[in-house]
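Subject: Structure handover

Dear colleague,

I am passing on the structure we spoke about, and my notes on it follow below. Please read them with the model open beside you.

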Amino acid sequence: MGSADTVSFTPTPGWRDHDRRPSTPTVALPAGTVDAHCHVFGPGEAFPYAPERKYTPTDAGREELFALRDHLGIHRTVVVQATCHGADNSAMVDAVRAAGDRARGIATVRPDVTDAELAGLHEAGVRGVRFNFLSRLVEATPVRDLAVVAQKIAPLGWHAVIYFEASDLDELEGVLGALPVPLVIDHMGRPDVTRGVDGSAFSHFLRFVDRHDVWVKVSCPERLSVTGPPALDGERNAYRDVVPFARRVVEEFGDRVLWGTDWPHPNLTDHMPDDGLLVDHIPHIAPTARARQRLLVANPTRLYWPDDPPDTAVETEALP
Ligand code: 0GY
């Protein structure tokens with residue numbers, strides 16, 4: 001325990017710490033690149049972890065996030081509320097406020113959230129809420145909560161970020177498709193990459209994306225990969241088994257894809273990714289300059305900074 005005023009936290013046994021010395025990417029990111037999926041963890045003494053959390057991380061606060069952003073050549077970030085903070089958005093909001101116009105936030109809210117609370121979050125830079133359906137991360141989310149929250153956030157122009165396992169899609173599709181807000185799906189709906197990009201499960205996911213006009217984060221190769229990270233040939237070409245999946249989404253839905261680091265990479269048990277390598281993964285999933293401009297700049301800017309002049313879109317048109 002800490003002093004009378006603070007509580008210290010011990011990470012979950014076996015917790016892997018994020019890599020504090022990521023390599024420098026060889027790929028230069030386009031100006032205006034947005035990391036559309038990252039988190040802050042605490043620090044716990046300032047922003048205690050939620051009593052109902054399913055894991056306790058090592059602290060990974062805003063200064064470390066900003067340093068990583070600058071090291072990788074990222075311009076702006078979208079800080080997504082992590083489940084270890086429950087519905088107490090203070091750490092996320094603190095990071096978003098501290099970044100000024102260089103961050104937006106995604107919150108977790110309960111169905112009884114008030115309009116005044118939502119307005120406060122909006123003023124701080126929040127532009128969406130996250131719903132998580134992974135039982136290892138949260139207690140079951142009643143689907144009626146989605147509908148209630150979606151009704152409340154729709155007038156603000158917010159969207160819902162949805163995190164589910166591929167096997168949940170059948171059950172969730174009807175509910176998700178009826179929500180009155182845009183949807184953003186985390187980590188490509190977590191495909192089983194051993195089952196093939198043309199397999200029925202991923203085809204179902206692609207049809208879902210098409211039918212409901214949803215946005216997709218082509219993120220987390222390190223979480224989805226079975227072959228893993230090693231760049232044994234020195235080409236910095238890791239997570240090759242995930243490439244066909246992300247590439248297909250980028251090809252088919254180029255104007256609705258987003259990319260993110262997922263720093264500080266919660267709950268990875270077999271390895272911790274080198275964030276520099278994750279940047280060097282991008283040209284493998286978005287091989288043309290035009291695809292990268294949309295993925296990294298034009299799309300996230302349209303979603304999170306819609307008041308920015310659309311000059312990035314013009315540049316995109318001109319790219320090969
Ligand atoms: C991710 C993935 C995970 C964790 C969380 O909020 C979270 O705790 O999102 C995960 O464990 O798969 O997107 O960060």
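Before anything else, please keep in mind that this is a predicted model.

I begin with the largest pocket, where strand 4, covering residues 126-132, supplies the largest share of the lining, namely 3 residues. The space in this pocket comes to about 410 Å³, and of the 20 residues that line the pocket, Thr108, Arg110, Val138, Glu139 and Thr141 are the closest to its centre. Sorted by class, the lining of the largest pocket consists of 7 nonpolar, 6 polar and 7 charged residues.

The ligand, for its part, sits in the largest cavity. There are 15 residues around the ligand, and those that come nearest are His39, Tyr55, Thr83, Tyr163 and His187. This shell divides into 5 nonpolar, 5 polar and 5 charged residues.

Which side chains place a polar atom 2.5 Å, 2.7 Å or 3.2 Å from an oxygen atom of the ligand? In Tyr55, which is also among the residues that come nearest to the ligand, a polar side-chain atom lies 2.5 Å from a ligand oxygen. For Arg130 the corresponding distance from a polar side-chain atom to an oxygen atom of the ligand is 2.7 Å, and for Arg223 it is 3.2 Å.

With best regards

Note on methods:
Residues are numbered from 1 along each chain as its sequence is written. This is a predicted model: local features need pLDDT of at least 70, side-chain atom pairs count only at pLDDT 80 or more; totals for chains, interfaces and linings use all residues. Side-chain values use heavy atoms; hydrogens and water are left out. On a 1 Å grid over the protein atoms alone, a cavity is a set of points where a 1.4 Å probe fits but cannot get out, and a pocket is an open set with protein on both sides within 12 Å along at least five of seven lines; lining residues have an atom within 4 Å of a point. Grid points are joined across faces, edges and corners, and a volume is the space filled by probe spheres set on the points. Helices (H or I, at least four residues) and strands (E, at least two) are DSSP runs, numbered from the N terminus. Ala, Val, Leu, Ile, Met, Phe, Trp, Tyr, Cys and Pro count as nonpolar, Asp, Glu, Lys and Arg as charged, and the others, Gly among them, as polar. A residue is near a molecule or strand if one of its heavy atoms lies within 4 Å of it. A polar contact is a pair of N or O atoms within 3.5 Å; within protein, one must be able to donate a hydrogen and the other to accept it, and residues adjacent in sequence count only if both atoms are side-chain atoms. A molecule sits in a cavity or pocket if more than half of its atoms lie within 2 Å of its grid points.
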